[in-house]
Amino acid sequence: MPRPTVAQLTYGSCTVIFSTLAMLLLSQTSSGPGVAVIAIAALGLGLLVAMTVPVPRPSPASASASASASAPPVRQQVQPEPVPVPVASVREPTAS
């Protein structure tokens with residue numbers, strides 16, 4: 001299991017704190033079991049938020065660079081340039 005990122009920890013913690021305060025103020029409960037239920041619900045909600053925060057992915061440029069670094073180099077076929085062949089000069093027989 002990968003370690004949580006700073007953003008996941010921050011969002012989860014803020015969710016727990018604010019949802020606990022909101023539920024306690026809205027329910028106006030003061031009993032122990034009521035506070036415990038609200039605290040457990042807030043922890044569950046914070047865990048849900050922390051796990052659904054998108055995990056940063058590598059950018060396409062760095063992903064393609066790492067993929068090309070791990071892949072074997074691709075050989076490109078190079079067409080050789082034609083080399084001019086000297087043509088022997090043909091001598092005409094001389095009439096003597």
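Reader: Accessible areas here come from the Shrake-Rupley method with a 1.4 Å probe, and for residues only the protein chains shown count as cover. With that settled, what does the accessible surface of the protein chain come to?

Author: About 8,700 Å², and carbon and sulfur atoms hold 68% of that. A word on the source: this is a predicted model, where local features need pLDDT of at least 70 and side-chain atom pairs count only at pLDDT 80 or more, while totals for chains, interfaces and linings use all residues. Residues are numbered from 1 along each chain as its sequence is written, and side-chain values use heavy atoms, with hydrogens and water left out.

Reader: Thanks! How many helices and strands are there?

Author: There are 3 helices and 0 strands, in the order α-α-α from the N terminus. Both kinds of element are DSSP runs numbered from the N terminus: H or I with at least four residues for helices, E with at least two for strands.

Reader: And how much of the chain counts as buried?

Author: Of its 96 residues, 11% do. Buried means under 20% relative accessible area, exposed means over 50%, and partly exposed is in between (1.4 Å probe, protein chains only).

Reader: Nice. Which residues does Ser-19 touch?

Author: Leaving out residues up to four places away in sequence, Ser-19 touches Ala-42 and Leu-45; contact means heavy atoms within 4.5 Å. Its side chain also reaches the backbone oxygen of Thr-15 at 2.5 Å.

Reader: What about Phe-18, buried or exposed?

Author: Phe-18 is also part of helix 1, residues 6-27, but it counts as exposed because its relative accessibility is 58%. Together with Ile-17 and Leu-21, Phe-18 forms a nonpolar surface patch of about 330 Å² accessible area.

Reader: What makes a patch?

Author: Residues with over 30% relative accessible area and no salt bridge, with like charges joined within 9 Å and nonpolar side chains (Val, Leu, Ile, Met, Phe, Trp, Tyr) within 5 Å. A salt bridge is a side-chain nitrogen of Lys or Arg within 4 Å of a carboxyl oxygen of Asp or Glu.

Reader: Changing topic: what is phi of Gln-28?

Author: Near 55 degrees, a positive value in a residue other than glycine. Most residues other than glycine have a negative phi. Gln-28 is in the loop between helix 1 and helix 2 (32-52), and it is exposed because its relative accessible area is 68%.

Definitions and conventions
Polar contact = N/O pair within 3.5 Å; in protein donor to acceptor, adjacent residues only side chain to side chain.
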